[in-house]
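Let's take a walk through this model together, one piece at a time. Have the sequence and the 3D view open as you read.

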Amino acid sequence: MDFTPTDDQEELRASVRAVLARACPPSAVRHVFEGKDGEYVPSRSGLWKQMVDLDWPALTIPEQFGGIGLGFVELSLVVEELGRVVAPSPFLATVTQFAPLVREVAPADRAEPYLRAIAERGATGTVALAEAPGTWDPGRVTTTARPVDGGWVLDGTKSWVCDGVGADHIAVVARAEHSSGTDGLGVFVVPGDFSPGRVLPVFDPTQPLVELVFDSVMVPADAVLAEPGREGVHASITRALEETTACLAASTCGSCRVIFETTLQYAKDREQYGQPIGSFQALKHRLVEMYLLLERASALSAYAALTIAEDDERRSVAVAMAKAAAGDCQRLLVQDGIQLHGGIGFTWENDLHMFAKRAKTNDFLFGGARTHRAAVARQVGVWT
């Protein structure tokens, strides 16, 4: 397993970074934070239109469905760069949540219309999985699906749906009535405008979250990606969620790296008693600790991406380790990054809070550090 990016991967990273430097400066992100764009809808943003023009949504869509067919490592690199600029777009929801779920659970003929729409027209999508009290474990889904003539009817409530307002398609994970655990799970696609939903209060407005209520919502048979009871549905959902989780870890690493770089530069520039504050021993120790956690999280994120790209049997453990490490990293870097900036670090005018909020939100979505540390413990057999 070679951790060194290829020349093509480095060229992709440089190209994405150059585009984002022009298309997504801090001022554009601040517009969203300050509500100057009104009710922000990611799929209608100018940044998303540029991404579609550059074929970014098609990067990892298989060529048979009109995509470019690159691998998961390339996707991870792009997502990390998006985290570096706190990019407000439906890329994460569409390319790292909806597309993997469709690809994993649906037969090719059923998946093609959705994946081709993403690759060729920039259609957007998201996944409705989590429910109160806050878990992304498919085995704990309570939303039900009951068969009727011509399709299925969904009943239940989904929370923390990323970019749920404005998405073209929403993939809903539900279960057959009277089923439990990993049995009876199914995946259904409903149009994004089936309900306006309830926009939830968020820490990071560039990643809007909604709550969706399914009250006898009819899903036609041709919009069912996986019928409840079909063998292997839980395993397929889990594989898709691993891609989503690994991408969130990569995005967190991108945001945390900017926090570290900004803090390090501030420590070099800010002077007290006639010398840079970064020369003080106590601050050196804190900066080193920040750097160590950042490099640990970045290495584990890269490892997780490689295990997914190579379909390594260690991918489940690797993804959980990466998400846990990213959570540990953001907790320290957000705390120390703000504190080491002194008074300016607590102000709205300083851009640091935008990266802190993105990192905090990423930690919450699809399970935090504690959840994934427990997952590692279960998978290696030290805790049940």
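Where does Asp-163 lie? Asp-163 is in the loop between strand S3 (151–162) and strand S4 (169–176). Helices here are DSSP runs of H or I with at least four residues, strands are runs of E with at least two, and both are numbered from the N terminus.

A quick word on ground rules: this is a predicted model, in which local features need pLDDT of at least 70 and side-chain atom pairs count only at pLDDT 80 or more, while totals for chains, interfaces and linings use all residues. Residues are numbered from 1 along each chain as its sequence is written, and side-chain values use heavy atoms, with hydrogens and water left out.

Asp-163 has a phi near 50°, a positive value in a residue other than glycine. That is worth a look, because most residues other than glycine have a negative phi. Asp-163 has a relative accessible area of 9%, so it counts as buried (buried means under 20% relative accessible area, exposed over 50% and partly exposed in between, with a 1.4 Å probe and protein chains only). Asp-55 also has a positive phi, near 65°, and lies in the loop between helix H3 (46–53) and H4. At a relative accessible area of 37%, Asp-55 is partly exposed.

Now for the helices. H7 covers residues 233–269, which makes 37 residues, and its first and last C-alpha atoms are 55 Å apart, close to the expected 54 Å. That expected span is 1.5 Å times one less than the number of residues. Of the 37 residues in H7, 26 are buried, so the rest of the structure largely encloses this helix.

H8 (residues 281–309) has 29 residues and reaches 42 Å from first C-alpha to last, close to the 42 Å expected. After H8 comes Asp-311, with a positive phi near 50°. H9 (residues 315–340) has 26 residues that should span 38 Å, and its end C-alpha atoms, 36 Å apart, agree with that. In H9, 20 of the 26 residues are buried, so H9 too is largely enclosed by the rest of the structure. Just after H9, Gly-342 takes a positive phi of about 70°.

What ties these pieces together? Start with the salt bridges, where a side-chain nitrogen of Lys or Arg is within 4 Å of a carboxyl oxygen of Asp or Glu. By this rule there are 25 of them. One joins Glu-261 to Arg-84, with the closest N and O atoms 3.3 Å apart. This pair links distant parts of the chain, with Glu-261 in helix H7 and Arg-84 in helix H4 (residues 72–85), 177 residues apart. Glu-261 is partly exposed at 37%, whereas Arg-84 counts as buried at 16%.

Another bridge runs between Asp-336 and Arg-286, whose closest N and O atoms are 3.1 Å apart. Asp-336 is buried at 5%, while Arg-286, at 28%, is partly exposed. Salt bridges that share partners also join Arg-103, Glu-104, Arg-239, Glu-242, Glu-243, Asp-311 and Arg-315 into one network. Within it, Arg-103 and Glu-243 form a salt bridge with closest N and O atoms 2.3 Å apart. That pair connects helix H5 (residues 91–105), which holds Arg-103, with Glu-243 in helix H7, 140 residues away.

Next, the rings. Eight aromatic pairs turn up, counting rings of Phe, Tyr and Trp (its six-membered ring) with centres within 6.5 Å; planes under 30 degrees apart are stacked, over 60 edge-to-face and the rest tilted. Phe-33 and Trp-348 make an edge-to-face pair, 6.5 Å centre to centre with 70° between the planes. Phe-33 sits in helix H2 (residues 26–33) and Trp-348 in the loop between H9 and helix H10 (352–364), 315 residues apart. Phe-33 is buried at 10%, but Trp-348 is partly exposed at 37%. Ring pairs also link Trp-136, Trp-160, Phe-364 and Phe-366 into a cluster.
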